[in-house]
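Trainee: Could you take me through one part of this protein at close range, a helix and what it packs against? I would like to follow it residue by residue.

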Amino acid sequence: MSAHEVQHSEGQHVDVLIIGAGLSGVGAASQLSRELPGKSYLVLERRPRMGGTWDLFRYPGVRSDSDMFTLGYRFKPWRGEKALADGASILEYVKETAAEHGVDRHVRYDRTVRSADWDSDAALWTVTVETRREDVGGGMITAHETYTCSFLWACSGYYDYDRGYLPELPGLADFGGTVVHPQHWPEGLDYAGKRVVVIGSGATAVTLVPAMALPGVEEGGAAHVTMLQRSPTYVLPVPGVDKIGRAVKRVLPEKASYVVTRWKNVAQATILFQASQKWPGPVRRMIRKLNAKMLPEGYPVDVHFKPTYGPWDQRMCLVPDGDLFAAIRSGDAAVATGTIETFDETGIRLTDGTHLDADLVVTATGLNLLAFGGMELRLDGKPVDVTQTMAYKAMMLSGVPNFAYTIGYTNASWTLKADLVAEYVCRLLAHLDETGARSAVPVRDPEVGEEPFMDFGAGYVLRALDRLPKQGSVEPWKLRQNYVHDVRTIRRGAIDDGVLAFR
């Protein structure tokens, strides 16, 4: 069989088709199996393994950038000690959840959803899936499968899993060392004793620097690591272990202690975010004071750790036990703030004349957004322009029936929102069954003003706003980015709210 041959086959019909077997997809399927055990479902995963982000990212030190008592599922307590857990532990948690709820038996791997077409008369989605496999002769067979479902649920996140973001880097071709992007970390990459420059200042960069610098050369660590940033980011040291959570666990049963610790951390994060919005000056000074305390005496804090924007205008970086600052104090790591003039054979020259010697450059320059995994939506054969739709409760699209998507918070743990979406979809499906309706669709009010999908200043968001849906100026079209508010409106709000139309 040739490498170009295409096979076509019919898949099967299920009540619910979930796209993505990562943190969101496994959570969605688990909730569905818990709340509506009579519903048939499948999970389609484009990669050969479960785990999504936590299976894809393999760079040194990869960890959560939210505490695990809120990044963990509401229905499954996180049993680990670390507040910011390593990627391998999170992956194991996701797999364990899938096994406990039988989700692993419903996952189909190596399947990329290309398109989904809604048939109004039949009240069904027809989903076209591409899968590639190697034939006996070593060539690749591209096969297309067709599935039908009553409800389609996109849980593929919003990152482009194939391509990370790489800005223009002058002279990169002249560099004589190795260049890697964290999203595509080579297996077995040896950086022991090497001079490393990490370009970036976000969560990935502040994770990589101490992970590569602190072990020491004898233990496989780099000789020196420099974090090169164009401008500073807010870096907040947090305890590596939640001591209050540990104490609560000693006196309460597991589930009760998890609920208490979870809500304690929700409250802490909410208070910090709201305080940052209302009183940015005092919060900025508090963070600066914490940074200065953990850095060497006389360190130029305002050069390297004083952002030009307000606290939480972009996502804040959390570092457990201040490990980034420990790496700087040890002399094994440094921060350089400036603009790249050009690469040369031995490293990077900045516009101020500074030269950073490097054997390895890590481009932790960010990610690209890709709405709904890049699949094309159609209604009765007509393509849907998602940029002309409005997001309903930040989980459905105006005019698109029986379709939901899971996107987490930017100012709190992703899973807090993912859990709420899962609970809502289960309630919506139960409502359809109870009323005999076959479809539910958010109906847009032409009087509601349009706003950008996310009011968030991060580069990866700003670069993609013109390819995303809109949000509205009032609820339920307005994205609040507030978990406590969403508990009331999503978990407890009426399904038949006058905005959803049932047919």
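Predicted model: local features only at pLDDT ≥ 70, side-chain atom pairs only at ≥ 80, totals over all residues.

**A close look at helix H1**

Mentor: H1 covers residues 23-35 and H4 covers residues 87-100, and the two pack with their axes 9 Å apart at an angle of about 20 degrees. Angles under 35 degrees count as roughly parallel, and H1 and H4 are therefore roughly parallel to each other. Their crossing is left-handed.

Is Ser30 buried or exposed? Ser30 has a relative accessible area of 0%, so Ser30 is buried. Setting aside residues up to four places away in sequence, Ser30 touches Phe75, Thr97, His101 and Val103.

Now turn to another partner of H1, helix H11. The axes of H1 and H11 come within 9 Å and cross at roughly 35 degrees, and this crossing is right-handed. On the H1 side you will find Leu23, Ser24, Ala28, Gln31, Leu32 and Glu35; they meet Trp414, Thr415, Ala418, Asp419, Ala422, Glu423, Cys426 and Leu429 of H11. By class, the contact of H1 with H11 divides into eight nonpolar, three polar and three charged residues.

H11 leads us on to helix H13. H11 (414-435) and helix H7 (254-278) are among the elements that cover the buried residues of H13. Which residues of H13 are buried? In this helix, residues 483-491, they are Tyr483, His485, Asp486, Val487, Ile490 and Arg491. The N-terminal end of H13 is capped by Asn482, with a side-chain oxygen 3.1 Å from the backbone nitrogen of Val484. If you look in the loop between strand S26 (470-472) and H13, you will come to Pro476. A cis peptide bond joins Glu475 and Pro476, with omega about 0 degrees.

While we are looking at backbone details, two other loop residues deserve a glance. Asp110 is not a glycine, yet its phi is positive, about 55 degrees. Asp110 sits in the loop between strand S3 (107-108) and strand S4 (112-119), and with 33% relative accessibility, Asp110 counts as partly exposed. Trp312 is not a glycine either, and has a positive phi of about 70 degrees. You can find Trp312 in the loop between helix H9 (301-304) and strand S12 (317-320); at 10% relative accessibility, Trp312 counts as buried.

One last stop is Pro401, in the loop between strand S22 (396-397) and strand S23 (403-405). Pro401 counts as buried, at 6% relative accessibility. Apart from neighbours within four places in sequence, Pro401 is in contact with Trp118, Trp125, Leu379, Ser439, Ala440 and Val441. By contrast, Ala336 lies 65 residues from Pro401 along the chain, and their C-alpha atoms are separated by 50 Å.

Definitions and conventions:
Residues numbered from 1 in each chain as written. Heavy atoms only, no water. Axes fitted to C-alpha atoms, helices over the stretch in contact; angles between N-to-C directions. Helix = DSSP H or I, 4+ residues; strand = E, 2+ residues; numbered from the N terminus. Parallel < 35°, antiparallel > 145°, perpendicular 65-115°, else oblique. Left-handed = near helix turned anticlockwise from the far one by under 90°. Buried < 20%, exposed > 50% of the residue type's maximum accessible area, 1.4 Å probe, protein only. Contact = heavy atoms within 4.5 Å. Polar contact = N/O pair within 3.5 Å; in protein donor to acceptor, adjacent residues only side chain to side chain. Nonpolar A, V, L, I, M, F, W, Y, C, P; charged D, E, K, R; others polar.
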